[in-house]
Amino acid sequence: GGSSTVQRALALLRRLLELYPGVPVKMSMFEKLLAPVQEQPHYVRAGLRILKVFAEYQLQDLVRLHGVQLQHVLTACIGCRDLQINPLLCDFLDKVGTELHSDTHPNVVAFFNGVGETVEKLLQQNVLRRGFP
């Protein structure tokens, strides 16, 4: 089925990154994959899975070279109502938070500050929309 096809594709991507660990990441690809959050969440789920595989091999470069773009594409996913997207997003954010430390990677602090600001804005919007004090 579709799930086994996705798993095979991710396994092939892992193999490619084992052979060519320095292959450049095109963030524009992720911007396109993660953009249709509400309309086509299956693309977003696939994009987050692919991004996680890249992070297994190139996490430092992803945050160092593409931190701001990464922050934008990920924060666009935060407000999604698809129940499968949030766990994938949390897995990726957990990987960044546990593997990169702020003393050796100052970009991580800015990255999480930006994500935190987005979460705070979304929470405020939801509170205002629902009329909670």
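This is a predicted model: local features need pLDDT of at least 70, side-chain atom pairs count only at pLDDT 80 or more; totals for chains, interfaces and linings use all residues.
Visitor: What pattern does the protein follow along the sequence?
Guide: Helices (H or I, at least four residues) and strands (E, at least two) are DSSP runs, numbered from the N terminus. The protein has 5 helices and 0 strands. Read along the sequence, the pattern is α-α-α-α-α.

Visitor: Which residue forms a salt bridge with D82?
Guide: A salt bridge is a side-chain nitrogen of Lys or Arg within 4 Å of a carboxyl oxygen of Asp or Glu. For D82, the closest N and O atoms of the pair are 2.7 Å apart, and the partner is R45.

Visitor: How many residues apart in sequence are the parts that D82 and R45 tie together?
Guide: D82 lies in the loop between α3 (41-78) and α4 (85-99). R45 lies in helix α3, so the pair ties together parts whose separation in sequence is 37 residues.

Visitor: Is R45 buried or exposed?
Guide: Buried means under 20% relative accessible area, exposed over 50%, and partly exposed in between (1.4 Å probe, protein chains only). R45 has a relative accessible area of 17%, so R45 counts as buried.

Note on methods
Residues are numbered from 1 along each chain as its sequence is written. Side-chain values use heavy atoms; hydrogens and water are left out.
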